[in-house]
Structure formats: structure tokens, C-alpha cells
Amino acid sequence: MAASIESLLSELSGLEDPVEELKNLRTVVLATPLETLKETVPGLQLEIIFSLLNTNDREQTELCVVILGRILQALDPVHLAQNCRNELQAGLIHSDDSVKALAISQVVRIVEHTQAVTEILNSQDLLKTVIHNIGGEKISVAKEAIQALSKLTLTKVGLDALFQSNLLEHLKDVMAMNDVVRYRVYELVVDIASVSPVSLGYCANASFISQLFAEITGDDVLVRATAIEMVTTLAQSQHGRQYLEQQGIMDKISNMVIGAESDPFSSFYLPGLVKFFGSLTVMDSPQQICECYPAFLRKVFEMTVDQDPVMVGVALDTLGVVGSTVEGKQVLHKAGVEFQRVLKQMSQLVRNAPTDLRVRCLQALALLLSLPAEQQTEDLLGLTESWFDSLSNQPMHMFQSISSQPFPELHIGALRIFTAVANQPWGQKLMMVTPGFVEFIVDRSTGPSKEMKDAKFELVKALANSASTAEIFGNQNYLRLRTYMREGPYYVMAVSSVTVEGAD
């Protein structure tokens with residue numbers, strides 16, 4: 001097979017129209033196991049195929065890309081970095097995006113390899129072309145370029161190569177091309193800065209971080225919204241959050257939430273502000289975030305009654321995030337009458353809003369009402385029960401009605417509400433006194449799709465695994481639940497056909 005590839009390569013040399021020979025080579029290369037290629041490829045003269053990329057013939061280019069994609073994958077990244085650097089650089093400036101994509105994917109392989117990456121750290125021209133690809137039209141190529149540079153900077157040597165050389169000026173030149181490219185560079189910067197305090201320091205010293213922060217309060221509301229999204233990503237790391245706090249960005253975003261009321265264009269960026277603080281409650285203490293920035297929770301409550309469905313959706317998602325933890329539940333409970341009004345509004349939304357908002361409302365309520373067994377105290381059980389009761393005069397009937405509607409996503413959402421309360425004694429008691437509910441639980445004919453069966457199984461499992469179920473449901477019903485769980489979500493009872501002798 002190796003001899004065959006070598007002979008096909010030699011046949012290509014000097015041909016004016018090599019398409020048929022390239023097709024033959026493609027067939028052989030794709031049919032050769034990768035392990036076999038790894039043994040033979042290092043000795044092949046690949047310059048021939050690379051040179052055939054210099055053509056306007058689309059078919060010829062496509063064939064070369066397929067062949068090289070397979071062959072280069074078999075090359076060790078160190079060999080690739082040592083012997084194909086110039087070819088990769090040429091590929092990165094090729095007019096065809098598929099060639100650029102091939103070249104950048106191989107650069108990513110090199111930078112991911114601890115030994116191979118050292119071979120290109122001083123290759124300024126190669127790294128410069130990678131940077132310029134961030135500004136290319138093809139978003140997939142730009143993303144790969146961002147990935148390559150992000151991985152390059154995982155070491156101090158890589159950070160020095162990018163930030164303490166003339167490559168930094170090239171990066172800033174690319175950044176100045178237009179708004180879209182600027183935010184691609186910000187994406188790279190945030191990726192790098194999120195790795196460690198040291199990486200963040202490099203980005204800050206290069207003025208990228210301060211420039212990003214300035215965008216948050218810029219005149220262009222769409223640019224502002226994108227900047228807030230970037231800052232939210234930076235806040236995912238602890239050192240990123242500390243830096244944001246030190247620089248006063250938390251207070252600035254909180255003030256923007258307050259000022260949004262008087263800004264007619266706030267609908268463009270307000271959802272991002274709320275998501276920013278919502279994400280902080282997941283990573284830090286919900287109580288601390290809500291106490292330090294009270295405008296956040298007030299705004300979330302206000303957004304539940306907004307006329308804009310986008311605002312309502314973000315508010316519902318955020319309430320679910322905040323209320324998913326015990327501490328978050330306690331924060332919401334402390335809001336008193338204000339949160340009671342929110343629950344009433346959620347009750348209206350879950351019944352009357354458009355389907356997508358009803359689904360998001362069900363998801364949020366499931367998070368608010370859930371309470372793991374190890375966190376169940378008398379006070380917390382009383383809290384979730386009071387929230388459930390406040391949703392309707394007959395909340396069980398309301399959610400049963402929703403589950404019976406001909407929308408799979410609503411059916412699943414309602415099942416998740418029942419699952420959320422299924423391990424809580426008060427929830428189990430309500431299920432037992434609701435006519436036909438136990439039969440509904442074990443009835444496999446409701447919900448034909450896989451997603452519905454999975455959601456029903458989660459409900460059965462929550463009940464079957466709860467320590468209080470046997471006492472509240474009774475042994476017979478408890479055994480039915482255990483049997484259902486043992487049989488799994490997709491069990492179908494076999495029905496045998498009996499033929500009566502003598503029947504026509």
C-alpha cells in the first residue's frame with residue numbers, strides 16, 4: 001500500500017491535468033488504515049500535493065484537501081511542525097477557505113502538543129497568518145484561529161510569544177478591522193484571561209480588558225450587549241470575578257440595571273445584565289449577590305410582568321437559577337410579598353402565556369420547588385409547600401390539566417413539576433388524595449415519545465427512591481412503583497395471541 005501511494009505521488013509530478021490521478025490517490029489514501037499511514041507517510045514527498053493547491057481548478061483543490069487531510073492526520077505533530085511549516089503558512093493565506101481550514105486545523109494539532117508547540121513559538125510569520133485569519137470571512141476558520149492562539153497561550157512561553165513580541169501589534173491591527181472582528185479578538189482575550197490570574201495579567205497589561213470594559217457603557221447598544229456577554233464569560237472564573245470587583249465593574253453593571261428604567265433602548269442589553277448577575281448567583285453566594293446588588297432581584301421581579309416576552313423569558317430563567325439552591329430559595333422567601341406576587345404571575349404565565357414561555361415557566365417552577373432529601377428540614381418543606389399552594393386553588397389539578405394538553409414539551413414540563421415535589425412528604429400526600437393520580441403515574445400509555453417516557457420514569461424513580469413513599473402511598477402502590485422502575489422506562493407488556501380451535 002505504501003508503494004502504491006508513493007508511485008501515485010510520483011505520477012502526479014509534472015502533469016498538466018492531474019485530477020484523475022488525484023482521484024486514484026484519494027481512493028487509496030482513504031482505504032489505507034490510519035495506523036498504516038502513520039508508518040509510511042513520514043517518508044513521502046508531500047510537496048507535490050501541496051504544490052497542486054496552487055490552482056484555480058475547484059475539483060483539483062477539493063481532491064488535494066481530502067488527500068492532505070487524511071495524510072497529515074497520520075503525521076506526528078512534531079514532524080508536522082518541523083517539516084510542513086512553510087506549507088501550512090501558505091495554506092493559511094490561500095484564497096480557498098477549505099485550504100485555510102485544513103491548514104488551521106493542523107496548526108491546532110501542533111499547539112495542542114507540548115513538544116510540537118515549541119517548534120513554532122518563534123515562527124513569527126506562521127503565527128502572524130494565524131492571527132490574520134481571525135479577521136477572515138469564514139467564521140469556522142476564524143474560530144479555529146482563536147482556538148489555536150488560545151491553546152498557544154496555555155504556557156508562559158506561549159503568552160510571551162503573543163503578548164511580548166510584534167505579534168501583539170498585528171493582533172491589535174486585526175482587531176481594528178470592524179466590529180465583528182473586534183469581538184472575535186475579545187473572545188480570544190477572554191478565553192486567555194479565564195485560564196489563570198497570570199494570563200489575565202497579560203491581557204490587562206495589553207489594554208484589552210480595559211477596552212472591553214469601556215464597551216459596556218458605549219453609545220452603541222448592540223455593542224454594549226455583546227460586551228456584557230463577554231464580561232459574563234470572564235466572570236465564570238474566580239480570578240475573573242475578583243478582577244471585575246476590583247475594577248468596579250460589578251457596581252457599574254448594577255448601576256446600569258438601575259438606569260435601564262429611563263433608557264428607551266435598554267431592552268437590547270438589559271437581558272445580558274440580568275444574566276450576568278444570575279450567573280454570579282450560581283458561582284458565588286446568592287444571598288451575597290442579592291444583598292450587595294439589590295437592584296438585580298428587583299429588576300428580575302419587574303421583568304416577569306413586562307410586555308416583552310424576551311424580558312419575561314430571561315426573568316423566568318433567572319428565577320429558576322437563583323431558586324435552584326437552598327440559599328437562593330431563602331433569598332426569594334425573604335422578599336416576602338414581592339415574591340408572592342411573582343409566584344401569582346408565574347401561575348398566570350404557566351396557564352396563559354405562549355407555549356415557549358409556559359415551558360420556561362414550568363422549568364423555573366420545577367427548580368424553585370425541588371428540595372433534595374438531605375436538605376429537607378421542616379422549615380424548607382413548609383416553604384416549598386406554601387409556594388406550591390400559592391400557585392392555584394388546586395395546583396395539582398392545574399398541572400394535571402397542563403400535562404394532558406397536546407404539546408409534548410408542556411406534558412414533560414408538568415411531569416417535572418410532579419418530579420420536583422415527589423420526594424417531599426407533602427407532595428406525596430397531595431398525589432395520594434388527587435383522584436386517579438397514582439394510576440396516571442403507572443400508566444405507560446400516556447406519553448408515547450422517548451422524552452415523555454424518560455420524564456415519566458424520573459417521576460416514578462423519585463417516588464420509588466423516597467423514604468416516605470411506602471408509608472404515604474401504601475405498600476401495594478409502592479410495590480407498583482418499584483416494579484415500574486425495575487422494568488425501566490420503555491417496558492412494553494407482551495400480549496399473546498390465542499387461537500380458539502375450530503374458530504372460523
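Predicted model: local features only at pLDDT ≥ 70, side-chain atom pairs only at ≥ 80, totals over all residues.
Let me begin with the core. In this model the largest nonpolar core has 180 residues, and those with the most contacts inside it are Ile 134, Phe 163, Met 346, Leu 365, Phe 399, Met 431 and Ile 441. As background, nonpolar side chains in soluble globular proteins tend to be buried together. If we take Ile 134 and leave aside its neighbours within four places in sequence, its contacts include Ala 142, Ala 145, Ile 146, Leu 149, Leu 171 and Val 174, and also Arg 184.

Next, please find helix α10, which covers residues 124-132, and ask which of its residues are buried. They are Leu 126, Leu 127, Thr 129, Val 130 and Ile 131. What covers these buried residues includes α7, α8 and α9, as well as α11, α12 and α13.

I turn now to the aromatic rings, where the structure holds 15 aromatic pairs. One of them joins Tyr 183 and Tyr 186, whose rings are edge-to-face, with 5.0 Å from centre to centre and 65° between the planes. Tyr 183 counts as buried, since its relative accessibility is 8%, and Tyr 186 counts as buried at 0%.

A second pair is made by Phe 213 and Tyr 243, and here the ring centres are 6.1 Å apart while the planes meet at 35°, so the pair is tilted. This pair links distant parts of the chain, with Phe 213 in helix α16 (residues 208-216) and Tyr 243 in helix α18 (residues 238-246), 30 residues apart. Phe 213 and Tyr 243 are both buried.

Ring pairs also link Phe 388, Phe 399, Phe 418, Trp 426, Phe 437 and Phe 440 into a cluster. Phe 440, for its part, has the charged end of Lys 456 sitting over its ring, 4.9 Å from the centre. Elsewhere, the charged end of Lys 172 sits over the ring of Phe 208, at 5.8 Å from the ring centre.

What about the cysteines, and how many disulfides are there? The count comes to zero. Cys 64 is in no disulfide, and the nearest cysteine sulfur, which belongs to Cys 84, is 14 Å away. Cys 64 counts as buried, because its relative accessibility is 0%.

I will finish with two single residues. Asn 477 lies in helix α34, residues 475-487, and is buried, with a relative accessible area of 16%. Apart from its neighbours within four places in sequence, Asn 477 is in contact with Met 432 and Val 438. Pro 309, in helix α23 (residues 309-322), is partly exposed, with a relative accessible area of 46%. Between Pro 309 and Asn 54 there are 255 residues of separation in sequence and 53 Å in space, taken from C-alpha to C-alpha.

Definitions and conventions
Residues numbered from 1 in each chain as written. Heavy atoms only, no water. Helix = DSSP H or I, 4+ residues; strand = E, 2+ residues; numbered from the N terminus. Buried < 20%, exposed > 50% of the residue type's maximum accessible area, 1.4 Å probe, protein only. Contact = heavy atoms within 4.5 Å. Core = buried A, V, L, I, M, F, W, Y, C linked by side-chain atoms within 4.5 Å. Phe/Tyr/Trp six-rings, centres within 6.5 Å; stacked < 30°, edge-to-face > 60°. Lys NZ or Arg CZ within 6 Å of the ring centre and 35° of its normal. Disulfide = S-S within 2.5 Å.
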